[in-house]
Amino acid sequence: MAAYEKQQQSPLNAGFYGPPIPPPQPAYYPPPSRPHRGCGGPRCLLCFLFKVVALAVIVLGAATLVLWLIFRPDTPKAYADSAALSRFDLGAGAGSGGGDLLQYNLTVTIRLRNPNRFWIRYEYAEAQALYDGERFGFSPLQPFYVGSKSDARITAAFSGSAAVDGDDDVRRTYRRENGEGFYYIKVRVYSDLSFKVRVFRVHDYKSKITCVLRLPVPAAGGNANATAMTMLGTRCDVDF
């Protein structure tokens with residue numbers, strides 16, 4: 001018994017180390033919460049309206065871009081189908097400025113072809129007639145539509161008299177073409193376009209159509225108001 005107690009009370013040969021004691025943690029205090037301010041008044045209302053408008057503009061712009069990529073327009077085609085030149089007389093003007101006076105009566109029918117899958121509206125259009133670089137006639141046109149993959153015809157009528165530059169170039173050109181039996185007259189159509197794709201409409205496009213007409217010289221002494229229709233079928237240039 002004494003031997004057992006002696007064995008239990010024998011001293012330790014090495015130092016005894018207990019579990020490590022963690023260092024004290026600093027106390028955590030949450031930051032004080034700020035009182036919530038509710039949005040009110042005209043300033044917040046304007047801010048909300050601005051966000052709504054900005055979102056609507058972005059959505060509409062994205063939709064227009066997608067439709068534009070899907071329905072990318074091809075250049076419309078134009079043809080001068082027929083024309084009637086019943087008078088085209090160039091003579092000395094009555095004024096003292098030395099210019100010449102051109103008396104004319106011209107009607108031109110132009111066919112427009114829309115190769116696209118959407119409508120084209122010609123918001124504004126005007127036709128001009130030129131001879132040897134000199135503009136002598138003007139004809140405003142009514143707005144019109146050209147349907148999807150379809151044709152439309154417009155008629156430009158020029159009648160009256162106009163003073164042209166009295167240089168020798170115009171006179172020489174007139175005498176030469178009169179002797180050859182044909183006048184070369186240029187007709188241009190300027191227009192503002194918009195495209196209608198379902199409920200969307202794209203504006204601010206411009207077009208210029210240029211047709212060069214080869215028309216027979218009217219009969220001398222004939223009726224200036226008579227209609228001498230010439231079938232042309234001339235392809236016109238379209239700047240789009």
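**Entry 1**

I looked up Asp169 first: it is partly exposed, with a relative accessible area of 43%. The model I am reading is a predicted one. Asp169 forms a salt bridge with Arg172, and their closest N and O atoms are 2.5 Å apart. Arg172 counts as partly exposed too, because its relative accessibility is 46%. Both residues sit in helix 3, three residues apart, which means about one helical turn separates them. I noted the general rule: an α-helix has 3.6 residues a turn, so residues three or four places apart point the same way.

**Entry 1: the rest of helix 3**

I then checked the length of helix 3, residues 168-180. Its 13 residues should span 18 Å at 1.5 Å a residue, and the end C-alpha atoms are 18 Å apart, which agrees. Which residues of helix 3 are buried? I found Val170, Thr173, Tyr174 and Glu177. Seen down the axis of helix 3, these buried residues fall within an arc of 100°, so they line one face of the helix. Arg175 and Gly179 are exposed on the other side of helix 3. Just past the helix I stopped at Gly181, which takes a positive phi of about 95°.

**Entry 2: the whole chain**

I stepped back to the overall layout. The protein chain has three helices and ten strands. From the N terminus on, I read the elements as α-α-β-β-β-β-β-β-α-β-β-β-β. The chain has 240 residues, and 29% of them count as buried.

**Entry 3: strand 1 and its partners**

I followed strand 1, residues 77-92, to strand 2, residues 100-113. The two run antiparallel and are joined by 14 bridges. At one of these bridges, Ala92 is partnered with Asp100 in strand 2. Strand 1 also runs antiparallel to strand 9, residues 229-235, with five bridges between them. There I found Ala84 opposite Met229 of strand 9.

The C-alpha atoms of Leu106 and Ala84 are separated by 5.6 Å, although the two residues are 22 residues apart along the chain. Is Leu106 buried or exposed? Leu106 counts as buried, because its relative accessibility is 0%.

Arg87 is partly exposed at 29% relative accessibility. Asp89 is partly exposed as well, with a relative accessible area of 34%.

Another links Asp239 with Lys208, the closest N and O atoms being 3.8 Å apart. Asp239 lies in strand 10 (residues 237-239) and Lys208 in strand 8 (residues 200-216), so this pair ties together parts that are 31 residues apart in sequence. I noted Asp239 as partly exposed at 44% relative accessibility. Lys208 is partly exposed, with a relative accessible area of 25%.

I also found a network: salt bridges link Asp81, Arg111, Arg113, Asp151 and Arg153.

**Entry 4: a nonpolar patch**

Last, I looked at the surface. Which residues form a nonpolar patch there? I listed Leu45, Leu46, Phe48, Leu49 and Val52. Together they have about 500 Å² of accessible area. Leu45 lies in helix 2, residues 42-70.

Key: Residues numbered from 1 in each chain as written. Predicted model: local features only at pLDDT ≥ 70, side-chain atom pairs only at ≥ 80, totals over all residues. Heavy atoms only, no water. Patch = residues over 30% accessible without salt bridge, like charges linked within 9 Å, V, L, I, M, F, W, Y side chains within 5 Å. Areas by Shrake-Rupley, 256 points an atom, 1.4 Å probe, with all protein chains shown as cover. Salt bridge = Lys/Arg side-chain N within 4 Å of Asp/Glu carboxyl O. Helix = DSSP H or I, 4+ residues; strand = E, 2+ residues; numbered from the N terminus. Pairing = 2+ DSSP bridges. Expected span 1.5 Å × (residues − 1). Buried < 20%, exposed > 50% of the residue type's maximum accessible area, 1.4 Å probe, protein only. Arc of directions from axis to C-beta.
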